[in-house]
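The sequence and structure come next.

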Amino acid sequence: MDFNDKQIEIIDIAEQLFALQGYDGTSVRDIASKANINVAMISYYFGSKEKLLEAILIYKMSGTKLELKSVLDKNISPLQKIDELIAYYIKKIYSNVALYQIMHTEIMHKKREAHMPEISKIKKQNLAYIQAIVDEGFLQGVFKNKIDTAVIPSMIIGTFMYFVNNKHHMMDILQLQNDTAFNHYVENQLVQHIQQSVKGLLLYTT
C-alpha cells in the first residue's frame, strides 16, 4: 500500500501523539489540529482513528520488509544474518517503545488484527524472509534444528518488551545505576543474549 506525502505527514503526527498521549488519549481532532488540517481530511484519507492506526502499522512494517530483504540478500553467513536481523528488530522497537506498547495493546489485546488483513499479509511476508534465512542455514549445514520460524519474532519482541516493561526491576537486579547504563545494556548485552538464544535453538542437536 502506497501513501502520498500528506498521508505520511498525518501518519507521522499521529504516531507522535499516540506515543505521547496514548491511543485512547488522542482524538482525531488532536491529530488534525497538530497537522493543521480539518478532521474531514483525516476521514477522507483513513476513514477512522482505528484505520489510521492500521496505516501506521502498515507504513512501519513495510520498512521492516525492505530491511529483512536487505539482510537476506547480503553476502554473509546465515549466523551473521540472524545477528543482523535481531539487532535490527531491537533497534527499531527501542527507538519508539511507547508506540510499540500501544500497538501491542490495541492490536493484540483487543483482537483488532482480525479486521486488519493487510497487517497479517505483511507479517507473513516478513516471516517468509526469516524463513528463507533459516532455510539457507539449514541447507548449508550451519543450522541443525529446523525450528518453526514463527517463534523467532516472538522470542525477540517478547524478551525485549518484558525487559523494557520491567525496567526498574531489571535495573535493580542488574545493578544498573541510571538510564544511560540501562540503554547501554539493552543495546549491547540484551541484544547479544537474544542473538545467542535464537542461534542456540537453530544450532541445537538432540
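Thr149 sits in the loop between α7 (117–139) and α8 (151–165); helices are DSSP runs of H or I of at least four residues, numbered from the N terminus. This is a predicted model, in which local features need pLDDT of at least 70, side-chain atom pairs count only at pLDDT 80 or more, and totals for chains, interfaces and linings use all residues. Residues are numbered from 1 along each chain as its sequence is written, and side-chain values use heavy atoms, with hydrogens and water left out.

**Thr149**
- Thr149 is buried, at 2% relative accessibility (buried is under 20% relative accessible area, exposed over 50%, partly exposed in between, with a 1.4 Å probe and protein chains only).
- Beyond its neighbours within four places in sequence, Thr149 is in contact with Leu127, Ile130, Gln131 and Val134 (contact means heavy atoms within 4.5 Å).

**Salt bridges**
- The structure holds eight salt bridges (a side-chain nitrogen of Lys or Arg within 4 Å of a carboxyl oxygen of Asp or Glu).
- Lys6 pairs with Glu9 in one of these salt bridges, with the closest N and O atoms 3.1 Å apart; both residues lie in helix α1 (residues 5–21), three residues apart.
- Glu15 forms a salt bridge with Lys60, the closest N and O atoms again being 3.1 Å apart.
- Glu15 belongs to helix α1 and Lys60 to helix α4 (residues 49–73), so this pair ties together parts 45 residues apart in sequence.
- Glu15 is buried at 9%, whereas Lys60 is partly exposed at 23%.
- Glu136 forms a salt bridge with Lys81, the closest N and O atoms being 3.0 Å apart.
- Glu136 is in helix α7 and Lys81 in helix α5, 55 residues apart.

Notes. Helix = DSSP H or I, 4+ residues; strand = E, 2+ residues; numbered from the N terminus.
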